Amino acid sequence: MSTTRPYSPGDRGPEPSGASGASEGGVPAGGASGGEGGAAPSEGTGPSGGRQVRRLSFDGASGVVPLARDFARQALYAWGWLPAASADQRAAAEDVLLVVSELVTNACLHAEGPDQLWITCDNKVIRIEVADRGTGQPSPRTPHRAGRPGGHGMFIVQRLCLDWGVVRTPGVAGKTVWAELGAPA
């Protein structure tokens, strides 16, 4: 788990202002895309052709958690994670969907709702990023109490992911919570 390092190992961090939402690198640029009054997906491939990015804007959308899961599921199909050929591949895809659900739910419960969801995939790692306007710092509850309802979201993210963290841009309200999972073998 990483809540002190804003970027994962090897990540270059946020793209400079004006970068494309389909860029290769850290936090994709947060411009609006298509659709009025609802969620608007966009996608692209980075300059190397190996990194694929999909973005979903939640502007004015309702039912954002199932919307985010459906969006992630469509990306997994497009990238060949689904349909899964083995139990391990199926479990990896389900882990991605669960992490998407947990990060979007946390934004709903603790940060005035999510603004955008990015899912980035290369050959080894899938990165999930949820931007919101919240000021809080996500962290697993300690001590974790498995028998009690609620409070398990970031504990689940921590257990399933290779790494996770929070990116804040100075002078900009909100944050982006990111998590990375390994690609199935």
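**Note on the predicted model**

1. The structure holds zero disulfides. Keep in mind that this is a predicted model. Cys-121 has 4% relative accessibility, so it counts as buried. Cys-161 counts as buried as well, at 11% relative accessibility. The cut-off for buried is under 20% relative accessible area.

2. Next, strand β3, which covers residues 114-121. Seven of its eight residues are buried, so the strand is largely enclosed by the rest of the structure. In a regular strand, side chains alternate between the two faces of the sheet.

3. Now the partners of β3. Strand β2 (residues 52-57) runs antiparallel to β3, and six bridges join the two. Within this pair, Val-53 stands opposite Thr-120 of β3.

4. Strand β4 (residues 125-132) also pairs with β3. These two run antiparallel and are joined by seven bridges. Here Ile-119 faces Ile-128 of β4 as its opposite residue. β3 and β4 form a hairpin, with three residues between them.

5. Which peptide bond is cis? The bond from Leu-82 to Pro-83 is, with omega near -5°. Pro-83 lies in the loop between α1 (64-78) and α2 (87-110).

6. Check the backbone at Glu-112 too. Its phi is near 65°, a positive value in a residue other than glycine. Glu-112 sits in the loop between α2 and β3. Is Glu-112 buried or exposed? Its relative accessible area is 61%, so Glu-112 is exposed. The cut-off for exposed is over 50%.

Terms used
Residues numbered from 1 in each chain as written. Predicted model: local features only at pLDDT ≥ 70, side-chain atom pairs only at ≥ 80, totals over all residues. Heavy atoms only, no water. Disulfide = S-S within 2.5 Å. Buried < 20%, exposed > 50% of the residue type's maximum accessible area, 1.4 Å probe, protein only. Helix = DSSP H or I, 4+ residues; strand = E, 2+ residues; numbered from the N terminus. Pairing = 2+ DSSP bridges.
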